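Hi everyone, and thanks for making time for this. Let me put the structure up on the screen, and then we can walk through it together.

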Amino acid sequence: MSDHRKPTVPDQTATAPHAGNGTARQPSRARRAAAAAVAPWRHFPAVRTKVAELVVQDARLGQQLLEQGVRASQELVEQGARWNRELIEQGVLLRQELAELRGEIARNKAELAAYRQHTARQLRMLIRSSFYASPMEVGSLAPREDRMDLDACFRQLERLAPYAFAAWKELLEVNSHAYEGFPLDSCSVAGHPMAQEFCCFLWPYLQGAVLDIGCGPQPTPCYLRDYPSDRIAGIDPLPPADGHPFVYVQTVAEFLPWNDKTFSAVVIATSLDHVLLLDRALAEIHRVLRDEGHLVVWLDHIPGAAKYDPYRPDVEKIDDFHLFHFDRPWFEEIMNQRFAIDEMAASSERSYFYAFRPRGEMRGVS
Ligand SMILES: C[S@@+](CC[C@H](N)C(=O)[O-])C[C@H]1O[C@@H](n2cnc3c(N)ncnc32)[C@H](O)[C@@H]1O
């Protein structure tokens, strides 16, 4: 009869070193665990057998779990590798598509820029031709021969406002360096966004002979670029650039060397707050402007800026460029003495464009 209570796991003796063969075989961990598990039950054969069976089953299940785990992680690794390959392939495709899209955008941009240039050229030609087609006759814009030269103008200004003149003259000299190379922040040159806006505001008022007061030393300011040069005269106390394209007189707004009612439009772009004698400059502008003409002004208003009086003995510069700033209430009040506002546009919080027509009742200064 077989002993069914006999343990099915090898007992410890099975792991004992074999005498005589010289090698000491160590029991495996499973065997050691089985032996340890059945050891307390050595006097209870039935329990011992059951424990041994359970230990074997546990080992089998452990093994199965281990194998399943290995298979699952292998599958995961393979799946991961597959996804990785797919992602890389997709990434390559997307990068190719992106490069193509970028190329297309660059081509479209270039086309748009060329189209814009083309339409801007056509528009300019149209505007030029409309100005030339204007029926208004323009006589000679040469200044009067008996005019005062610049030094004589300076002497007159000094006599009229001796304290303010010294400060104004100093600013003029400092500013002459600021205009070297015609930088964008001081001069209306191509690319100046506000000057471009002023140009649009100004166009409808340009007709016949045009005078630009404080036109700056640069060749044609960009706001007048498309107006025929032979219909423009400009003044500025600074010397002009070489090869200046229109009549340029080096003088000041306070003494304009032209006869009454010579101009159909007078332009002052960011220069009115640079003159020394504001009252005298406005009277002169009024004198040389035709009755149906316009004075078009671009200036900054600084809220709270004090009313300017150049005849006081305590006049000082207000910043590195100006003796004074305008504030809208007092500016419009003094303008109202000789001019009426036809149009006004606030280009930014500070910058304003005005189109004035001359009033009939006041002319020049005594
Ligand atoms: C800010 S710049 C403007 C120049 C030009 N209009 C432009 O937009 O590029 C002011 C100009 O006013 C000129 N200026 C200073 N005092 C003047 C005066 N009494 N009469 C006329 N222009 C004067 C300066 O020499 C300077 O060129």
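Two housekeeping notes before we go on. Residues are numbered from 1 along each chain as its sequence is written. What you see is a predicted model, in which local features need pLDDT of at least 70 and side-chain atom pairs count only at pLDDT 80 or more, while totals for chains, interfaces and linings use all residues.

Back to K261, then. This residue has a positive phi of about 55° although it is not a glycine, and K261 sits in the loop between β3 (247-249) and β4. T270 is also a residue other than glycine with a positive phi, near 55°. T270 lies in the loop between β4 and α6, and it counts as buried because it has 21 C-beta neighbours inside 10 Å.

Now the overall layout. The protein chain has 7 helices and 7 strands; here helices (H or I, at least four residues) and strands (E, at least two) are DSSP runs, numbered from the N terminus. Read from that end, the order is α-α-α-α-α-β-β-β-β-α-β-α-β-β. Of the 366 residues in the protein chain, 27% count as buried.

Let's look inside. The largest nonpolar core has 58 residues, and V210, V266 and V267 touch the most other members. Such a core is a set of buried Ala, Val, Leu, Ile, Met, Phe, Trp, Tyr and Cys residues joined through C-beta atoms within 7 Å. Another core, of 5 residues, lies apart from that one, with A35, V38, A52 and V55 among them.

What does V267 touch, leaving aside its neighbours within four places in sequence? Its contacts are L202, V210, D212, I213 and V296, where contact means C-beta atoms, placed from the backbone, within 7 Å. V296 is also the bridge partner of V267 in β5.

That brings us to the strands. β4 and β5 run parallel and are joined by 6 bridges; two strands pair if DSSP finds at least two bridges between them. β5 is joined to β7 by 6 bridges as well, but these two run antiparallel, and W298 has F353 in β7 as its bridge partner. Strand β6 (residues 339-346) also runs antiparallel to β7, with 7 bridges, and a hairpin through 4 residues joins the two.

Together, β4, α6 and β5 form a right-handed β-α-β unit: with the strands pointing away from the viewer, the path from the first strand over the helix to the second runs clockwise.

One last stop is the ligand. It is surrounded by 23 residues, the closest being S188, G214, G216, A253 and H274; a residue counts as near if its C-beta atom, placed from the backbone, lies within 6 Å.

Key
A residue is buried if 20 or more other C-beta atoms lie within 10 Å of its own, exposed if 12 or fewer, and partly exposed in between; C-beta atoms are placed from the backbone. Two residues are in contact if their C-beta atoms, placed from the backbone, lie within 7 Å.
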